[in-house]
Amino acid sequence: MIYQRSSALFREAQTYIPGGVNSPVRAFKAVGGTPIFVKEAKGAYLYDEDGNQLVDYIASWGPMILGHAFEPVIEAITDRARKGTSFGMPTEIETTLAKLAVEMVPNIDKIRFVNSGTEACMSAVRLARGYSGKEKIIKFAGCYHGHADAFLIQAGSGAVTFGSPSSPGVTQGTAKDTLLARYNDLENVEALVKANAEEIAAVIIEPVAGNMGCIPPSPDFIKGLRELCTQQNILLIFDEVMTGFRLAPGGAQEYLGINADILCFGKVIGGGLPVGAFAAREEIMKFLAPEGPVYQAGTLSGNPLAMSAGLAMLSTLNEKGEIFGSLEKKTTYLHEGIAGVLESHGIIHQINREGSMISVHFTEDPVVDFDSAKAGDNETFKRYFHGMLKQGIYLPPSAYESYFLNDALSYDDLDATIKALERVAPDLK
Ligand code: PMP
């Protein structure tokens, strides 16, 4: 494959944009080489600036669950754009989308829209603090909740790729209120709770982690965490930015059968436009301004274009509930295909999967937390990533990211991916 134009565009971008990108993981730092500049995308395929066609396994990091340029979403956006793109005043479509989200997601009465997953998580924690009158939070090493200061403590995703899971610029004052626990280790959380009795406002977690690769929670862990939070009067926040409207119509709460107290959304809920949201039962949401004292706002929050994209997306997912099962089946098929090839070539690996999230780790031991994820062999991962890219398969350019399957992927695409791996595997030894 030729990447001449992508290389030239990247060089020019670096002149004007730090690192040439507006979000670090796009720069290919973890895998080396030149980032691919996208020209357009349709369905399961990306078309880059050099004219290459790639099978897309990142789906814009989750949002494009129905494939790129999904017709109902595009129609909704274009139709809406002609009527004006922002008013800073209420519009009916905000309520329409809120109502649909409240119907689809268990255990919430109200939802507030923001512009990103970061904002959703940041606001959820402020709400938890305001509601509980307590200040500390517990987060899990390797989980990523956006780039607000309180979360850049042992964060996953791009933060770990760039060697700064705990970023400079976060004050010690902020850091001291964020306590760190090990994913899938309930005893560790219990010990933290005990040592900080009555001080913990909330535990925030990715109910299925996707930012240290995909790591499912063990059933005992997630159930125990819910019970612990209830007993200790701690709010449980599910960061469903990845899992929301992906694992099931009602997200991880429905998929795992565990309810949280506050939910954060992003990605799918915006249909590919910048939307985040947080939601809870009425008794918690009424603490939010203008009803209550916890302040939160946004010039472009509830933006009509973004709402129309989100509405077209969620309406489709709500009407065609079979999509979730069919995505899971495709992901299982891919899982089995990848495992078969890697095993037949004797390549040490682990595959983690939950619903339509999946990741391959080149390590001997099960990947259940940040430390076991970090044990993966990054040199093998680089060869895997670039080998697959040369075969026209676009995987996440970091071992600390999950793949997101989309409904437009056909079984032929999956077979082509598995065949591509057959060609790449001899190089992974
Ligand atoms: N939470 C999770 C679980 C995420 O995966 C992400 C982004 N990948 C965020 C929050 C932050 O979302 P955004 O990038 O939209 O700010």
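**The loop and beyond**

Author: Ser60 lies in the loop that runs between strand S3 (53-56) and helix H2 (71-81); helices (H or I, at least four residues) and strands (E, at least two) are DSSP runs, numbered from the N terminus. This is a predicted model, in which local features need pLDDT of at least 70 and side-chain atom pairs count only at pLDDT 80 or more, while totals for chains, interfaces and linings use all residues. Residues are numbered from 1 along each chain as its sequence is written. The pLDDT (the predictor's confidence in each residue, from 0 to 100) averages 96 over the protein chain, and 99% of the residues score at least 70. The model has an ipTM of 0.99 and a pTM of 0.97.

Most residues other than glycine have a negative phi, and most peptide bonds are trans. Ser60, although not a glycine, has a positive phi of about 60°. Ala69, also in the loop between S3 and H2, is not a glycine either, yet its phi is positive at about 50°. Ser60 counts as partly exposed because it has 17 C-beta neighbours inside 10 Å. Ala69 has 14 such neighbours inside 10 Å and so counts as partly exposed. On this scale a residue is buried if 20 or more other C-beta atoms lie within 10 Å of its own, exposed if 12 or fewer, and partly exposed in between, with C-beta atoms placed from the backbone.

Another backbone feature is the cis peptide bond that joins Ala289 and Pro290, with omega about 10°. Pro290 is in the loop between helix H10 (282-285) and helix H11 (304-319).

Turning to helix packing, H7 (residues 186-195) and H8 (residues 219-231) pack at about 20°, with their axes 10 Å apart. By class, the contact has six nonpolar, one polar and one charged residues.

Ala195 is also in H7. Ala195 counts as exposed because it has 10 C-beta neighbours inside 10 Å. From Ala195 to Val241 the separation is 46 residues in sequence and 30 Å in space, C-alpha to C-alpha.

How values were computed: Axes are lines fitted to C-alpha atoms, for helices over the stretch in contact, and angles run from 0 to 180 degrees between N-to-C directions. Ala, Val, Leu, Ile, Met, Phe, Trp, Tyr, Cys and Pro count as nonpolar, Asp, Glu, Lys and Arg as charged, and the others, Gly among them, as polar.
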